[in-house]
Amino acid sequence: NYALLVVWGFLMVFTSYMLLADPNRVGCAFRLNCGTASVIESLGYKKPNWSIEPYNSHLGHNIIPLASRYKLWGYCLGNMVAANLWQLFVVNGPVRNMLRNKKPLERLRVKL
């Protein structure tokens with residue numbers, strides 16, 4: 001389980017970086033918080049030194065405002081907390097035990 005926790009932690013850090021950082025290679029690879037080079041530069045960010053395909057948008061970018069990035073990040077963290085609480089209480093916790101006691105599993109009896 002420790003390996004899964006390391007992978008999960010890496011994915012949370014990776015997602016957080018993609019959401020909260022200014023336009024960069026990682027975000028542009030996932031077409032998140034990026035745009036064409038000229039539009040990025042006109043918005044006050046550094047001109048990217050990597051190639052970006054033109055965006056099919058009249059704005060030429062999909063750069064998310066900083067306040068909205070933090071809201072989206074909060075939704076991601078809230079989703080993570082909700083999933084972990086569901087796992088803790090329903091899948092592996094007291095709700096599971098209650099349901100097992102209330103409706104035990106009926107197995108077929110096999111004659112040997």
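**Figure 1. Contact of helix H4 with helix H5 in the predicted model.** Leu88, Phe89, Val90 and Val91 of H4 meet Pro94, Val95 and Arg96 of H5. By class, the residues of this contact comprise 6 nonpolar, no polar and 1 charged. Helix H5 spans residues 94–102, and its axis comes within 4 Å of the axis of H4, with a crossing of roughly 30°. Angles under 35 degrees count as roughly parallel, and H4 and H5 are therefore described as roughly parallel to each other.

**Figure 2. Packing of helix H1 against helix H4.** Two packed helices are described by the angle between their axes and by the distance between the axes. Here, H1 (residues 2–20) and H4 (residues 66–91) pack at an angle of about 160°, and their axes lie 9 Å apart. This angle makes H1 roughly antiparallel to H4, a term that applies to angles over 145 degrees. The crossing of H1 with H4 is right-handed.

**Figure 3. Residues in the contact of H1 with H4.** From H1, the contact includes Trp8, Met12, Ser16, Leu19 and Leu20. These residues meet Leu66, Arg69, Tyr70, Leu72, Trp73, Cys76, Leu77, Met80 and Asn84 of H4. Divided by class, the contact of H1 with H4 has 11 nonpolar, 2 polar and 1 charged residues.

**Figure 4. The largest pocket of the model and its lining.** The volume of the largest pocket is about 170 Å³. Its lining is formed by Asp22, Pro23, Asn24, Ile40, Tyr45, Lys46, Lys47, Pro48, Asn49 and Trp50. By class, 5 nonpolar, 2 polar and 3 charged residues make up the lining of the largest pocket.

Key: Residues numbered from 1 in each chain as written. Predicted model: local features only at pLDDT ≥ 70, side-chain atom pairs only at ≥ 80, totals over all residues. Heavy atoms only, no water. Axes fitted to C-alpha atoms, helices over the stretch in contact; angles between N-to-C directions. Helix = DSSP H or I, 4+ residues; strand = E, 2+ residues; numbered from the N terminus. Parallel < 35°, antiparallel > 145°, perpendicular 65-115°, else oblique. Left-handed = near helix turned anticlockwise from the far one by under 90°. Contact = heavy atoms within 4.5 Å. Nonpolar A, V, L, I, M, F, W, Y, C, P; charged D, E, K, R; others polar. 1 Å grid on protein atoms, 1.4 Å probe; cavity = no way out; pocket = protein on both sides within 12 Å on 5 of 7 lines; lining within 4 Å. Points joined across faces, edges and corners; volume = space filled by probe spheres on them.
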